[in-house]
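Take a moment with the model below. Then follow the walk through its parts.

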Amino acid sequence: MRSFDIHEASTQLVQLVARAQQGEGFVIAKAGKPMVRVTAIDSPGPGQQRRLGFLEGQFSVPEDFDRMAEREIADMFGA
């Protein structure tokens with residue numbers, strides 16, 4: 001997450017708010033020390049983000065997945 005000094009953030013507030021609305025959060029710091037994190041209101045909280053399993057039920061993995069193209073691969077390597 002990108003960090004902006006408080007003075008820089010105040011001069012670019014409109015642009016930074018627009019970026020936050022697009023999902024790009026940022027940190028405002030004072031003298032190099034982080035003060036606040038800015039994110040869109042409807043963005044998920046740190047413990048709410050979930051990536052694993054987001055395609056569950058949309059496709060299936062064949063039973064022989066780990067053996068698919070076994071002969072072709074062996075032929076390529078001369079086995």
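Is aspartate 66 buried or exposed? Aspartate 66 is exposed, because its relative accessible area is 61% and the cut-off for that class is over 50%. Keep in mind that this is a predicted model.

Start with the overall layout. The chain has three helices and three strands. Along the sequence they follow the pattern β-α-α-β-β-α. The chain holds 79 residues, and 13% of them are buried. Its accessible surface comes to about 7200 Å². Carbon and sulfur atoms account for 55% of that surface. Now consider contacts between residues at least 6 apart in sequence. Of these, 32% join residues at least 24 apart.

Next, the sheet. Three strands form an open sheet, in the order S1-S2-S3. The pairing is mixed. Which strands stand at the edges? They are S1, residues 2–5, and S3. Each has a single partner strand, so one side of each is left without a neighbour in the sheet. From one strand to the next, the twist averages 35°.

Look at one pair in detail. S1 and S2 run in the parallel sense. S2 covers residues 26–30, and four bridges join it to S1. Here serine 3 stands opposite valine 27 of S2. A helix also belongs in this view. Helix H2, residues 13–21, lies across S1, S2 and S3. Its direction is at about 160° to S1.

Move on to the loop between S2 and S3, where glycine 32 has its place. Glycine 32 counts as exposed because its relative accessible area is 68%, and exposed means over 50%. Which distance separates glycine 32 from aspartate 5 in space? The two C-alpha atoms are 7.1 Å apart, while 27 residues separate the pair in sequence.

Now the charged side chains. How many salt bridges does the structure hold? There are two. One joins glutamate 24 and arginine 19, with N to O at 2.5 Å. Glutamate 24 is partly exposed, at 37% relative accessibility. Arginine 19 is partly exposed as well, at 28%. Both values fall in the class between buried, under 20%, and exposed, over 50%.

The other salt bridge brings back aspartate 66. Its side chain meets that of arginine 67, with 3.4 Å from N to O. Arginine 67 has a relative accessible area of 45%, so this residue counts as partly exposed. Aspartate 66, at 61%, is exposed.

Finish with the nonpolar surface. Which residues form a nonpolar patch there? They are Phe54, Leu55, Phe59, Val61, Phe65 and Met68. Together they have about 640 Å² of accessible area. Phenylalanine 54 counts as partly exposed because its relative accessibility is 47%. A patch takes residues with over 30% relative accessible area, so phenylalanine 54, at 47%, clears that cut-off.

Terms used: Residues numbered from 1 in each chain as written. Predicted model: local features only at pLDDT ≥ 70, side-chain atom pairs only at ≥ 80, totals over all residues. Heavy atoms only, no water. Patch = residues over 30% accessible without salt bridge, like charges linked within 9 Å, V, L, I, M, F, W, Y side chains within 5 Å. Areas by Shrake-Rupley, 256 points an atom, 1.4 Å probe, with all protein chains shown as cover. Salt bridge = Lys/Arg side-chain N within 4 Å of Asp/Glu carboxyl O. Buried < 20%, exposed > 50% of the residue type's maximum accessible area, 1.4 Å probe, protein only. Helix = DSSP H or I, 4+ residues; strand = E, 2+ residues; numbered from the N terminus. Contact = heavy atoms within 4.5 Å. Pairing = 2+ DSSP bridges. Axes fitted to C-alpha atoms, helices over the stretch in contact; angles between N-to-C directions.
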